[in-house]
Amino acid sequence: MALSGLEIFKLLPKTNCGECGVPTCMAFAMKLAQKKAELAECPHVSDEAQEVLGAASEPPIKLVKIGGKEPLEIGAETVMFRHEKTFYHQPGIAIELRTSEDEASFTAKIEEIEAYSVERVGEVLTPDLFLLSHDSDDPAGFTRAIELVKAKSGKHLILDCGDRSVLVKGLELLQGDHPAVLLGSPLSDGDLELAKANGASLILTGKTLEDLSAQAGKARDAGFNDIILNYDSANMAETLQANTIMRRSALKKDYKPFGYPMFTRINAGSGVGALARAGVSLCKYASVIALPVYDKALLYTLFTLRQNIYTDPQKPIQVDPKIYAIGEPTPESPVFITTNFSLTYFIVSGEIENSGISAHLVVCDCEGQSVLTAWAAGKFVGETVAKFFKSIDVECQIKTRKVIIPGYASQIQGDLEEKMPGWEAVVGPQEASDIPTFIKNVDLS
Ligand code: SF4
């Protein structure tokens with residue numbers, strides 16, 4: 001049962017040392033009660049208090065891991081909406097493989113998916129898992145498929161196999177790999193024993209919330225918490241509603257049977273239908289999304305959405321403020337400036353690179369804000385830019401005395417020239433995509 005802030009406070013050391021990041025034990029107790037802090041943030045809690053508070057401050061949604069090496073961590077979320085704090089563990093994206101596929105195309109598909117990755121905003125993005133569905137009549141096909149996946153890929157595995165004896169053989173090949181097993185029928189004692197014996201997680205499948213709650217309760221009673229909840233409906237609106245109810249029940253009512261991550265299998269094939277379903281699931285509240293096909297456009301769109309949803313809204317993604325070399329610039333190469341909002345940096349540097357020239361890109365420290373926001377907040381103005389140039393000694397490293405400023409910050413042109421005597425500020429384009437054309441038409445010498 002959840003403890004109040006006062007009850008928690010009574011068990012804390014009451015030294016107000018501030019090492020937990022808040023000034024007093026009372027403030028920390030209030031944060032713990034609201035599940036906005038973790039007990040581990042106080043290094044001075046006694047063992048006795050740890051025992052009591054450990055359970056009380058336990059996250060309302062369990063952390064579940066799939067995979068042996070560098071496992072995918074899912075769950076342990078604490079809020080309904082990202083803006084309340086942040087979402088912590090981004091959903092894993094799985095691609096379905098089927099044992100009915102002939103071996104040559106099965107292998108080719110694994111190799112193609114394994115080779116696929118994209119870089120966006122400095123992050124390398126690739127599918128996280130395979131969902132292996134045993135849909136052939138050949139029992140040996142399942143183990144052969146597992147061997148192939150293991151030989152060709154390091155991705156984690158979800159097994160969907162209705163034949164217990166075949167599944168057992170498959171799990172024997174995955175000792176230490178902590179796969180997840182997708183159950184197609186209600187949880188049995190045999191399933192629990194099998195999962196415990198093989199270090200697997202179980203994805204419980206139910207067509208109603210009552211059914212899922214009963215199955216999760218059964219697993220909990222058996223002391224098994226490596227579970228993921230799969231509300232099985234062909235109707236996306238129903239799934240959305242069920243997922244929302246489960247998340248709300250876990251967070252707001254501390255309803256333990258729903259305090260686990262969720263799984264959604266997309267059955268809509270490829271294209272817009274699959275994207276709409278997967279996108280909705282990603283936002284609310286699937287922790288693993290299984291796609292029926294390998295579709296690069298679908299994946300890239302989901303990766304982008306996932307990056308947007310699963311970043312901390314209180315901490316803009318930033319790059320280090322410094323001079324970046326684009327190509328192989330010399331001291332005479334042109335100088336561009338921008339802010340250290342990660343997306344801005346990657347777009348601007350990409351467009352300078354696309355133009356084919358070498359240049360210096362001076363990325364100013366604007367606390368991760370975009371150009372317009374930083375300018376409006378007074379963080380990207382003549383004085384701050386001049387100070388930053390001085391702090392990193394730009395003039396010693398670069399002979400050029402012409403700096404290209406973003407079109408959206410054209411207002412700082414005069415101010416900048418005043419604060420940086422000897423420099424000429426040239427107003428660049430507003431949109432980064434116009435940088436190559438701008439470079440062609442302006443004398444940058
Ligand atoms: Fe109190 Fe622990 Fe925070 Fe120190 S670190 S103020 S003892 S809660």
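Mentor: On a 1 Å grid over the protein atoms alone, a cavity is a set of points where a 1.4 Å probe fits but cannot get out. Please keep in mind throughout that this is a predicted model.

Trainee: Which element supplies the largest share of the lining of the largest pocket?

Mentor: The largest pocket holds about 630 Å³ of space, and among its 27 lining residues Glu-70, Asp-128, Gly-154, Lys-155 and His-156 lie nearest the centre. At least two lining residues each come from strand 2 (72-75), strand 5 (123-125), helix 5 (139-152) and strand 7 (156-160). The largest share, three residues, belongs to strand 5.

Trainee: How many residues in the lining of the largest pocket are charged?

Mentor: Among the residues nearest the centre of this pocket are Glu-70, Asp-128 and Lys-155, and Asp, Glu, Lys and Arg are the types that count as charged. Taken over the lining as a whole, there are nine nonpolar and eight polar residues, while the charged residues number 10.

Trainee: Which helix gives the most to the lining of the second largest pocket?

Mentor: About 390 Å³ of space lies in the second largest pocket, which is lined by 23 residues, with Thr-344, Val-348, Val-371, Gln-430 and Ala-432 nearest its centre. Strand 14 (335-339), helix 12 (342-355), helix 13 (371-376) and strand 16 (402-405) each give two or more residues to this lining. By class, the lining has 15 nonpolar, seven polar and one charged residues. With four residues, the element that gives the most is helix 12.

Trainee: Which residues form the covered face of strand 1?

Mentor: In a regular strand the side chains alternate between the two faces of the sheet. Strand 1 (residues 63-66) is joined to strand 2 by four bridges in an antiparallel arrangement, and Ile-66 stands opposite Leu-72 in strand 2. Leu-63 and Lys-65 make up the uncovered face of strand 1, whereas the covered face consists of Val-64 and Ile-66.

Trainee: Which residue takes a positive phi in the hairpin of strand 1 and strand 2?

Mentor: The two strands run antiparallel, and the hairpin they form has five residues between the strands. The positive phi, near 105 degrees, is taken by Gly-67.

Trainee: Is Ile-61 buried or exposed?

Mentor: Ile-61 is placed in the loop between helix 3 (47-56) and strand 1. Because its relative accessible area is 3%, against a limit of under 20%, Ile-61 is buried.

Trainee: With which residue does the side chain of Ser-233 make a polar contact of 3.0 Å, joining two side chains?

Mentor: Ser-233 lies in the loop between strand 10 (227-231) and helix 9 (236-252), and at 19% relative accessibility it counts as buried. A polar atom of the Ser-233 side chain lies 3.0 Å from the backbone nitrogen of Asn-235. The side-chain partner, at 3.0 Å, is Glu-238.

Conventions: Residues are numbered from 1 along each chain as its sequence is written. This is a predicted model: local features need pLDDT of at least 70, side-chain atom pairs count only at pLDDT 80 or more; totals for chains, interfaces and linings use all residues. Side-chain values use heavy atoms; hydrogens and water are left out. On a 1 Å grid over the protein atoms alone, a cavity is a set of points where a 1.4 Å probe fits but cannot get out, and a pocket is an open set with protein on both sides within 12 Å along at least five of seven lines; lining residues have an atom within 4 Å of a point. Grid points are joined across faces, edges and corners, and a volume is the space filled by probe spheres set on the points. Buried means under 20% relative accessible area, exposed over 50%, partly exposed in between (1.4 Å probe, protein chains only). Two strands pair if DSSP finds at least two bridges between them. A polar contact is a pair of N or O atoms within 3.5 Å; within protein, one must be able to donate a hydrogen and the other to accept it, and residues adjacent in sequence count only if both atoms are side-chain atoms.
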